[in-house]
Amino acid sequence: MRIDLSRWRHVFKLDPDRELTEEALERLCSSGTHAVIVGGSTGVTFDNTVELLGRIRRYELPCVLEVSDLDAIVPGFDLYLIPIVLNASDPRWIVGNQMEAIREYGPMMPWEDIVPEGYVILNPASTAARLTGADTTLAAKDVLAYAKLCDRLLKLPVFYLEYSGTFGDMELVRRVAAGLERSRFFYGGGIDRLDKAREAAGAAHTIVVGNIVYEDLERALSTVRILEEDR
Ligand code: 1GP
């Protein structure tokens, strides 16, 4: 199945390293969300990724893997999102890990199902920021320049503004959106209620809802209502 992410407005991001009951998974997958992204910054293994994929496959929606660990690349996903962390201080997260993946698995890589994402990580307390050594002290004009670099210079299909764990600066999100011409704009971080989902979705193309799934399922599900309001 070829997946077209250019129509996604709402996605849930599920972490293979965290517990989710069958009932919760069913409600998430039947909620009307456009896709599930499987991914996490730590504790993602081949085994827990296979297991979660198998469980999500019982539902009809697209299931994509956001690759963060070379040892946890599992065949069978609809799409593979490859983060390129533009503000990482550790070059392994810009192109190093990707080079190693191509070196090791190049001949087997399903290139037509691989989508690179230009990431900017802005919450210094997030695991992703710590892992990648992201420079989270960027001024707005720096973030806007990274977004343009992603869009115009690298011509990546996705620009992902990542505030994982905290709700970001929506004024900045709006300014980033205004500067993008071709990259699909993903926003993720701290969306834990419908009003925040609404605000973020009013600025970005696609919103990503993560943590709240594990903290308050009802509130996580409420964020999907933006799709009714879109109509
Ligand atoms: C994390 O962007 C996603 O990669 C979602 O962030 O977990 O804060 O919802 P939250």
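User: How do the residues of the shell around the ligand divide by type?

Analyst: First the idea: Ala, Val, Leu, Ile, Met, Phe, Trp, Tyr, Cys and Pro count as nonpolar, Asp, Glu, Lys and Arg as charged, and the others, Gly among them, as polar. Here the shell divides into 2 nonpolar, 7 polar and 2 charged residues. A caveat on the source: this is a predicted model, where local features need pLDDT of at least 70, side-chain atom pairs count only at pLDDT 80 or more, and totals for chains, interfaces and linings use all residues. Residues are numbered from 1 along each chain as its sequence is written, and side-chain values use heavy atoms, with hydrogens and water left out.

User: Which residues are around the ligand?

Analyst: A residue is near a molecule if one of its heavy atoms lies within 4 Å of it. Around this ligand you'll find Lys13, Tyr160, Glu162, Ser164, Gly165, Gly188, Gly189, Gly190, Val208, Gly210 and Asn211.

User: Which N or O atoms lie how far from an oxygen atom of the ligand?

Analyst: For a polar contact, look for a pair of N or O atoms within 3.5 Å. The side chain of Glu162 has an N or O atom 2.5 Å from a ligand oxygen, and for the side chain of Tyr160 the distance is 2.7 Å. Asn211 uses a backbone N or O atom instead, at 2.8 Å from an oxygen of the ligand. As for cover, the protein takes up 92% of the 300 Å² of accessible area that the ligand has on its own (Shrake-Rupley method, 1.4 Å probe).

User: What does the radius of gyration say about the chain?

Analyst: The radius is taken over C-alpha atoms, and the globule rule is 2.2 Å times the number of residues to the power 0.38. With 231 residues, a compact globule would come out near 17 Å, and the chain has 16 Å, so the two agree. Its C-alpha atoms fill a box of roughly 45 × 45 × 30 Å along the principal axes.

User: Is Leu86 buried or exposed?

Analyst: Buried means under 20% relative accessible area, exposed over 50%, partly exposed in between (1.4 Å probe, protein chains only). Leu86 has 10% relative accessibility, so it counts as buried. Across the chain, 54% of the 231 residues count as buried.

User: Where does Leu86 lie, and what is it in contact with?

Analyst: Leu86 lies in the loop between β4 (79-85) and α3 (96-105). Helices (H or I, at least four residues) and strands (E, at least two) are DSSP runs, numbered from the N terminus. Contact means heavy atoms within 4.5 Å. Beyond its neighbours within four places in sequence, Leu86 is in contact with Gly118, Tyr119, Val120, Tyr146, Leu149, Cys150, Leu154 and Phe159.

Terms used: A polar contact is a pair of N or O atoms within 3.5 Å; within protein, one must be able to donate a hydrogen and the other to accept it, and residues adjacent in sequence count only if both atoms are side-chain atoms.
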